[in-house]
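Thanks for coming, everyone. I'd like to walk you through one structure today. Please have a look at it first.

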Amino acid sequence: EVHLVESGGGLVQPGGSLRLSCAASGFTVSSSSMSWVRQAPGKGLEWVLTINKGSTFTAYADSVKGRFTTSRDNAKNALYLQMNSLKPEDTAIYYCTKLDETGRTSARGQGTQVTVSS
């Protein structure tokens, strides 16, 4: 069974950094394209970025380009989201997702809350 568990969220001041983790089980992260998405209070899901299964390409939403990066640790079967220069508008619940071969979301974790506030 595919299972994703996010962690690392919290309260951070504007301009600060956070690193989110996504622990995967039931599949190998290196064999799947993965995305991060987020949901701000009162809003719908917003795509953040996608990394392809070969880690040769990452696509970013304009709102996070230059500030967020993602990486895999194949030994730990985990995905990470490094968030720098955080802004109050980055406040949201962050989810990692597994994509199927068509690019659709096939699994999503329970999310981790990120709050950017002074």
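**A walk through the chain**

Setting aside neighbours within four places in sequence, Lys87 is in contact with Arg67 and Val116. Where is Lys87? Lys87 sits in the loop between strand 8, residues 78-83, and strand 9. Lys87 is partly exposed, at a relative accessible area of 35%. Val12 is 75 residues away from Lys87 along the chain, yet their C-alpha atoms are separated by 9.4 Å.

A word of caution before we go on. This is a predicted model. Please keep that in mind throughout.

Now the whole chain. How many helices and how many strands does the protein chain have? The answer is 0 helices and 11 strands. Read from the N terminus, the elements go β-β-β-β-β-β-β-β-β-β-β. The radius of gyration is 13 Å, close to the 13 Å that the globule rule gives for 118 residues, so the protein chain is as compact as a globular protein of that length. Along the principal axes, the C-alpha trace spans about 40 × 25 × 25 Å.

What about the inside? Of the 118 residues in the protein chain, 41% are buried.

On to charges. The protein chain has 12 positive and 9 negative charges.

Next, the disulfide. The count comes to 1 disulfide. Which residues does the disulfide join? It joins Cys22 to Cys96, with an S to S distance of 1.9 Å. Cys22 is in strand 3, residues 18-25, and Cys96 is in strand 9, residues 92-99, so the pair ties together parts that are 74 residues apart in sequence. From C-alpha to C-alpha, Cys96 and Cys22 are separated by 6.4 Å. Why is the disulfide called right-handed? The torsion about the S-S bond of Cys22 and Cys96 is about 50°, so the disulfide is right-handed.

Are these two cysteines buried or exposed? The cut-off for buried is under 20% relative accessible area. Cys22 comes in at 1%, so Cys22 counts as buried. Cys96 has 0%, so Cys96 is buried as well.

Stay with Cys96 a moment. Beyond residues up to four places away in sequence, what does Cys96 touch? Among its partners are Leu4, Glu6, Ser35 and Trp36. Cys96 also touches Leu79, Ala107, Arg108 and Gly109. Cys22 is on the list too.

Now some backbone angles. Most residues other than glycine have a negative phi. Ser55 is not a glycine, yet has a positive phi of about 55°. Ser55 is in the loop between strand 5, residues 45-51, and strand 6, residues 58-60. At 41% relative accessibility, Ser55 is partly exposed.

Asn77 is another case. Asn77 is also a residue other than glycine, and its phi is positive, near 55°. Where do we find Asn77? Look in the loop between strand 7, residues 68-73, and strand 8. Asn77 is buried, with a relative accessible area of 15%.

Take Gly9. Gly9 lies in the loop between strand 1, residues 3-7, and strand 2, residues 10-12. Gly9 counts as partly exposed, at 33% relative accessibility. Which residues does Gly9 contact, leaving aside neighbours within four places in sequence? They are Leu18, Leu20, Thr112, Gln113 and Val114. Thr105 is 96 residues from Gly9 in sequence, and 22 Å away in space, C-alpha to C-alpha.

Finally, Lys43. Lys43 is in the loop between strand 4, residues 34-39, and strand 5. Is Lys43 buried or exposed? Lys43 has 59% relative accessibility, so Lys43 counts as exposed. Arg72 is 29 residues from Lys43 along the chain. The C-alpha atoms of Lys43 and Arg72 are separated by 28 Å.

To recap: 11 strands, 0 helices, and 1 disulfide, between Cys22 and Cys96. Thank you.

Conventions: Residues numbered from 1 in each chain as written. Predicted model: local features only at pLDDT ≥ 70, side-chain atom pairs only at ≥ 80, totals over all residues. Heavy atoms only, no water. Helix = DSSP H or I, 4+ residues; strand = E, 2+ residues; numbered from the N terminus. Rg over C-alpha atoms; globule rule 2.2 N^0.38 Å. Buried < 20%, exposed > 50% of the residue type's maximum accessible area, 1.4 Å probe, protein only. Lys, Arg positive; Asp, Glu negative; His and termini not counted. Charge placed at Lys NZ, Arg CZ, Asp CG, Glu CD. Disulfide = S-S within 2.5 Å. Contact = heavy atoms within 4.5 Å.
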